[in-house]
Amino acid sequence: MGRKFFVGGNWKCNGTGEEVKKIVSMLNEAEVHSEDVVEVVVSPPYVFLPLVKSLLRPDFHVAAQNCWVNKGGAFTGEVSAEMLVNLGIPWVILGHSERRLLLNESNEFVGDKIAYALSRGLKVIACVGETLEQRESGSTMAVVAAQTKAIADRVSNWANIVLAYEPVWAIGTGKVATPAQAQEVHCELRKWLQENAGAEVAATTRIIYGGSVNGANCKELAAQPDLDGFLVGGASLKVVIFRSLPSYSSLLYLSLHLVAESLSLSPFPLFFYQPEFIDIIKSATVKKNA
Ligand SMILES: O=C(CO)COP(=O)(O)O
């Protein structure tokens, strides 16, 4: 069974209500491939989850960026898995390196969170990845294996997990892993799953890449055999001017624009604005055509 391409947009701690509405309406207007080719999930901050869920097109889904490790209660500032389920939020990102490093979330704590969220019926984007220091000391695989083991120790059913490999040195730095670097770790992770969670889990679990993915580098990365999609940070909030009017039609288009303008009709727009995220979603075609 093929692994459906998966593209997640992690908006992190960004945006106002107005900005969020604007990006959602641009996503809603964009033409993208059907749901059977690519699964798309956007992850706004908690406070915007109900707003985004209510406005977002039905073929895209919503993820929270975190949830509490257990049932809710006297845990000030936390949000429980039950609350997300109650709001109808299907996905949650857990173990992001920003939480591992800035908030000291250990492998075990992340593993407990993942197991609990799954037990409540949430689907999980589980993040792993090494720091620059760990890569340079040659321990990349040991680090991501230990992070993945903490999940495997607590979870037997991987059907609702997407594993996100996000090297810390590539996050928000503009320093993307080369396609070969990404493929190497994805391939090793799949082997690890094969040996420790079974052939079926290894064959079906999507392993996605995150770290400075953008509209320009996504296709080459998507072409790697063990790369099943992306988790996108900065570029999931960027808007680009739509550049590619097909050349045969651009002259005609420009003439119509000028005619409409000279007749004082509201002219056809000359520029289109589109979220860069849409280009990244479209990189799924690389797999479809493979
Ligand atoms: O952390 C990320 C996604 O979760 C990646 O962030 P950037 O795409 O901004 O590097």
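**View 1. Strand β8 and its parallel partners.** Strand β1 (residues 5-10) runs parallel to β8, and four bridges join the two. Strands here are DSSP runs of E with at least two residues, helices are runs of H or I with at least four, and both are numbered from the N terminus. Two strands pair if DSSP finds at least two bridges between them. In this pairing, G9 stands opposite V232 of β8. Strand β7 (residues 207-210) also pairs with β8 in the parallel sense, over two bridges. Here Y209 stands opposite F230. The model is predicted: local features need pLDDT of at least 70, side-chain atom pairs count only at pLDDT 80 or more, and totals for chains, interfaces and linings use all residues. Residues are numbered from 1 along each chain as its sequence is written.

**View 2. The two faces of β8.** In a regular strand the side chains alternate between the two faces of the sheet. Strand β8 covers residues 229-232. G229 and L231 point one way, and F230 and V232 point the other way. All are buried. A residue is buried if 20 or more other C-beta atoms lie within 10 Å of its own, exposed if 12 or fewer, and partly exposed in between, with C-beta atoms placed from the backbone.

**View 3. The shell around the ligand.** There are 14 residues around the ligand. N10, I171, G210, G233 and G234 come nearest. A residue is near if its C-beta atom, placed from the backbone, lies within 6 Å of the molecule. By class, the shell has five nonpolar, eight polar and one charged residues. Ala, Val, Leu, Ile, Met, Phe, Trp, Tyr, Cys and Pro count as nonpolar, Asp, Glu, Lys and Arg as charged, and the others, Gly among them, as polar.

**View 4. Helix α7.** Helix α7 (residues 140-152) has 13 residues. From first C-alpha to last it reaches 18 Å, close to the 18 Å expected at 1.5 Å a residue. The expected span is 1.5 Å times one less than the number of residues. Its buried residues are T140, V144, Q147, T148, A150 and I151. Seen down the axis of α7, they fall within an arc of 150 degrees, so they line one face of the helix. The arc is that of the directions from the helix axis to the C-beta atoms. On the other side, A142 and A146 are exposed. The buried residues pack against α5, β5, α6, β6 and α8.

**View 5. Helix α8.** The 19 residues of α8 should span 27 Å at 1.5 Å a residue, and the end C-alpha atoms are 26 Å apart, which agrees. Buried here are A182, V185, H186, L189, L193 and A197. These buried residues fall within an arc of 100 degrees down the axis of α8, so they line one face. A180 and E195 are exposed on the other side. Cover for the buried residues includes α7, β6, α9, β7 and α10. Just after α8, G198 takes a positive phi of about 105 degrees.

**View 6. L132 in helix α6.** L132 is found in α6 (residues 132-136). L132 is partly exposed because 13 other C-beta atoms lie within 10 Å. Leaving out residues up to four places away in sequence, L132 touches V168 and W169. Contact means C-beta atoms, placed from the backbone, within 7 Å. P167 is 35 residues from L132 along the chain, yet their C-alpha atoms are separated by 7.9 Å.

Conventions
Two residues are in contact if their C-beta atoms, placed from the backbone, lie within 7 Å.
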